[in-house]
Amino acid sequence: MHNENNENAFAYQACQSILAGDQKAAIDYAKKAFPSLLDEPEIACLTTVQLLDLAQDHHLDISLSLNGGYRTGFYLGAKSPLGLHNLKGFDGLPHQVRPVELLRYYPKPLEKVWRIDRKTPATSVYRTLSSLRQSIIKRFISLSYCSPLIYFY
């Protein structure tokens, strides 16, 4: 319970920082409130489905797990308005592919075989902060349902 109180305090401070226009402090507090939201994708292995989800908003340098090691040199560009990703794979040549084609090419979409080597935002800092703000707002809404203050009205 103590850890949850700390998370809530950090989420509140992140909101205050966003409202005050202090982006650096907002991101620092958000990392403390939601460490898995911001830190895990770089260190965890992902499924192809998760990779495609992350690649909607990021350009990714990725590695594929093969025979107990990782094959590097893959690149997956963020999804375009046309629904296409830029992909550089085994042949080293760039291709434009739809998510369904990538799922067909790597036929085990639920196995955690992808490692993120580097992630670059494909969107503006504003969009990143907006999604962060939405995560914090959702957290406050869920907390408000449990608040005893609601039942006094």
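Predicted model: local features only at pLDDT ≥ 70, side-chain atom pairs only at ≥ 80, totals over all residues.
In which strand is Y70 placed? Y70 sits in strand 3, which covers residues 69-76.

The protein has 153 residues, of which 28% count as buried. Its secondary structure consists of six helices and six strands. Along the sequence these follow the order α-α-α-β-α-β-β-β-β-α-β-α. Among contacts with a separation of 6 or more, 54% are between residues 24 or more positions apart.

The walk through the structure can start with the helices. Helix 1 spans residues 2-20 and contains F10. With a relative accessible area of 26%, F10 is partly exposed. Setting aside residues up to four places away in sequence, F10 touches Y29, K32 and A33. F10 is also 18 residues from D28 in sequence, and the C-alpha atoms of the two are 9.0 Å apart.

A33 belongs to helix 2, residues 23-33, where it is buried together with A25, A26 and A30. Viewed down the axis of helix 2, the buried residues fall within an arc of 130°, so they line one face of the helix. At the start of helix 2, the backbone nitrogen of A25 has a side-chain oxygen of D22 within 3.2 Å.

The strands come next. Strand 2 runs over residues 58-66 and includes H58. The relative accessible area of H58 is 18%; buried means under 20%, so H58 counts as buried. Apart from neighbours within four places in sequence, H58 is in contact with L76, G77 and A78, and also with K119, T120, P121 and A122.

S63 is found in strand 2 as well. S63 is buried, at a relative accessible area of 0%. Which side chain does the side chain of S63 meet in a polar contact? The partner is the side chain of D117, at 2.4 Å. D117 is also one of the residues in contact with S63 once neighbours within four places are left aside; the others are Y70, R71, T72, F74, V113, W114 and R115.

Y70 in strand 3 can now be seen from its own side. Beyond its neighbours within four places in sequence, Y70 is in contact with C45, with S63, L64 and S65, and with V113 and R115. Y70 and R115 are 45 residues apart in sequence, while their C-alpha atoms are 8.1 Å apart in space. Is Y70 buried or partly exposed? Its relative accessibility is 34%, so Y70 counts as partly exposed.

The last stop is on the surface. There, L66, F90 and Y105 form a nonpolar patch, and together they have about 300 Å² of accessible area. Where is F90 found? F90 lies in the loop that runs between strand 4 (85-88) and strand 5 (94-97). F90 has a relative accessibility of 35%, so it counts as partly exposed.

How values were computed:
Residues numbered from 1 in each chain as written. Heavy atoms only, no water. Patch = residues over 30% accessible without salt bridge, like charges linked within 9 Å, V, L, I, M, F, W, Y side chains within 5 Å. Areas by Shrake-Rupley, 256 points an atom, 1.4 Å probe, with all protein chains shown as cover. Salt bridge = Lys/Arg side-chain N within 4 Å of Asp/Glu carboxyl O. Helix = DSSP H or I, 4+ residues; strand = E, 2+ residues; numbered from the N terminus. Buried < 20%, exposed > 50% of the residue type's maximum accessible area, 1.4 Å probe, protein only. Arc of directions from axis to C-beta. Polar contact = N/O pair within 3.5 Å; in protein donor to acceptor, adjacent residues only side chain to side chain. Contact = heavy atoms within 4.5 Å.
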